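Load the model in your viewer and keep the selection panel at hand. The stops below move from a sheet to a nonpolar core and then to a helix.

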Amino acid sequence: MTDDPSSILVIEDEGQLQRLLQTSLEAHGYRAVVVGSGREALLRITASFPDVVLLDLGLPDMDGVELVTRVRQWSDTPILIVSSRDREEDKIAALDQGANDYVTKPFSMGELLARIRATLRQRMKRDGGDILYRSAGLEFDSQRREVRRNGEIVRLSRKEYELLRYFVLNADRVMTHEPALKAVWGPAQAHETQYLRVFVGRLRQKLERDPAQPELLVTESGVGYRLRTLPTT
Amino acid sequence: MQDRVHTPDRRAPAAPFWRRRRALAELPFVPRLEPGVRPFLFGLAVVSIVCAGSFALRDWMSVADVTALLLLAVLWLSVAFGPWPSQLTAMLAAMACNFLFIEPYYTFRLEGTHEYVTFAVFVLSAATMTYWTTKARRQSAELTRIARMAEQRRTEAQVLQRLANQLSGRTTLSELVAAGVDATWTLGVTTLVLASVDEDGVALLASNGPAAAFDRAERQAAWAAYRHGIPTGHQTLVEPGSVLQFHPLHGMDDKRLVLGIRIDAHDGTEISEGLLSALGDQIAVALQRAQLSARMNEARLFAETEKLRSALLNSITHDFRTPLASIIGAASSLTDPQAHFTEDGRRRLLDTILESGQRLHRYIGNLLDMSRLEAGVLHLNCDWVDVADLVGTAVSHAEFNCAERRIALDLPPGLPLVHVDFVLMEQAFINLLDNAAKYSPAGSTVTVSARDEGAVVAIRFSNTGPMRALTEYEAMFEPFQRTGAPPDDSGLGLGLSICRGFVDAHGGTISAGPGADGTGTTVSIRLPVEEAGRRAMTEAAADD
């Protein structure tokens, strides 16, 4: 941990979970502030600029998706959604509104902490220039327009490269289908999910160690895809 | 149910002009006249032409030639138009012949025996010919009529047969209506409408396609059909302004229904009154059958729901208490200030809490899925899905429950995309993986394979283990079944019935049987492949 611990705003209305999250996050060296309503949350975000916001979608006074929309109007504070299984559609809506990631209840603490770390990492490396990205055996070099797997150049078609570039730019973030299709194929193809399916399948064939059980480009059921940054070997 | 509006090409091929009865009248220079007058004028014209021609050529023609020509004309006219035009023509021809070709010329007088004989023979021949051709015409017309009637009977019988076939097994009104049109469109039936009638008015229940007109005239006709029990609307005396013809449906006990039919007759085929009422009767019977089966289903469902509810209560009390007891027990031990645990002991208690919690989570998920299935509120969020992706994701999420089992995947590349709800289908796969792992010895391998089988993609989950009795394979999919020797944490026994529910909802099938090599169990899911799923693959590839 750094000297100045990252601050996390927890928006959760249930007492048990409030206690659990506060205790566990502080045990891992974060500064955690817990609020129980959407109104309070908005005040807090304006006042104290937390590093990460942990948002439960089922709030008593405000729709969670609505909250994301409002925060995104003036702030790019990373937002991590906490949702229960019966709110799949909300989850996608929140992601499309600009939420950064999600965990599904019940989650293990390890899972939540990993997501928080990934979200914090994303925040640090946002810049527009050339990208050199590494994850496990994958190496993506936008300056030379090269993709390597275990040091060997992988030949990608134009669309395959574009799609991979999109995932690299949003590494560790879960990307829903529609924005991905819009970014790579254009707005007219925003609903042609089959394109995404076929091309993700192809990228896996070329990049994964075992395409049937991908480690890099993983599917988030019913939501989208995520490019995972794994330690390089 | 998709709307099925049939627009088959019903235009008969155009007959060659010589077959068309009214071909001559359609020629531009033939004036439009009353149909009854036309043959007489025509006869007059033919006689004039023949006489004028013969008169012009009179130096080269004998009287016999001229009479023969005229007789030919009379014969043709009698064949073409029947007795009266040809009789008139014969009279005209006789007079013209006398006037122009028999001495003394240009008078109607006859002189000498020879001329009388010639004239008499002509008239007699013409009359005889007319008589016989008329008779032959009548017979041929009768034969044609009989043949046409026989043909119509045959068509009607075929239609009724087809209707009976189509209607069987249809349960909803819109399905019945669509099936009715399917069976009868060859007769020109383009629209069928079912409406119910009561004191408040007429309500449209079902119709094929949105194009069915059901306006004020139609409502009044429907009302009249019900009130008077007679056909009304189009081509009847009651409310003929209605586009649809309405027939009351008899034998319906709790609903007062009328059937509206729109016939766009294409080639003059007429639908007999008998056929129309048979059509109505068949639809009525099918409706009754559907109602009856719906009621029986309701009763059966109710009984099953009751059974299910008690099984559910039993299982909740047992299956939920066990993990809860572990959690409460372990946590209370840990918080007890007087207890002193070794590091290892503490770890074990914490693992117990974690595992029990995860088990409860799984049970609740299953109960939730089951209740959604039971309530029929399953909302499918279908999209194109890569089967290999689906299997891979399910495997990665099921790994926790499949501890100590190896999972082998056999997924050939290039499988067609399927149109399913990713989350639900993944849950079905996870349940199957859980089940396959649970009922196989530790250290064994669970195999998942997928094959493109043309109309379906078949995904098979196989484990090794003891064979089961054949009856058990079907029973596996019933809720609260724990066949074979269930392990301790077998759970609610809902997993497989949820799978069946999910797969059924996607129009797929699920079945179980002994494994390929005679050991263990193989559960096969077959998901329908739409042509679009294959097309999507090539389209996406072409777009690169």
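Two strands count as paired here if DSSP finds at least two bridges between them. This is a predicted model.

**Stop 1: a strand pair in chain B.** Select residues 245-248 and 257-263 of chain B, which are strands β4 and β5. Four bridges join these two strands, and they run antiparallel. Within the pair, look for B:Phe246, which stands opposite B:Gly260 in β5(B).

Stop 2

**Stop 3: the largest nonpolar core.** Select B:Phe429, B:Leu433 and B:Ile459, the residues with the most contacts inside a core of 48 residues. Elements of chain B that each supply at least two residues of this core include α9 (343-375), α10 (387-398), β9 (445-452) and β10 (456-462). Helix α11(B) gives the most, with nine residues. Colour chain B by domain: domain 3 (294-374) and domain 4 (378-542) both give residues to this core, so it lies between them. A second, separate core has 34 residues, among them A:Phe140, A:Met175, A:Leu216 and B:Ala540.

**Stop 4: a helix in chain A.** Select residues 38-48 of chain A, helix α2. Which of its residues are buried? They are A:Gly38, A:Ala41, A:Leu42 and A:Ile45. Look down the axis of α2(A): the buried residues fall within an arc of 100°, so they line one face of the helix. Show β1 (7-11), β2 (31-35), β3 (52-56) and α3 (64-72) of chain A to see what the buried residues of α2(A) pack against. Turned away from the buried side is a face with the exposed residues A:Arg39, A:Leu43 and A:Ala47. After the helix comes A:Phe49, with a positive phi near 40°.

**Stop 5: chain B overall.** Zoom out to chain B, which has 14 helices and twelve strands. Of its 544 residues, 38% are buried.

Key:
Residues are numbered from 1 along each chain as its sequence is written. Chains are lettered from A and ligands numbered from 1 in the order in which they are written. This is a predicted model: local features need pLDDT of at least 70, side-chain atom pairs count only at pLDDT 80 or more; totals for chains, interfaces and linings use all residues. Side-chain values use heavy atoms; hydrogens and water are left out. A nonpolar core is a set of buried Ala, Val, Leu, Ile, Met, Phe, Trp, Tyr and Cys residues joined through side-chain atoms within 4.5 Å. Buried means under 20% relative accessible area, exposed over 50%, partly exposed in between (1.4 Å probe, protein chains only). Domain bounds come from an automatic or database domain assignment. The arc is that of the directions from the helix axis to the C-beta atoms. Contact means heavy atoms within 4.5 Å.
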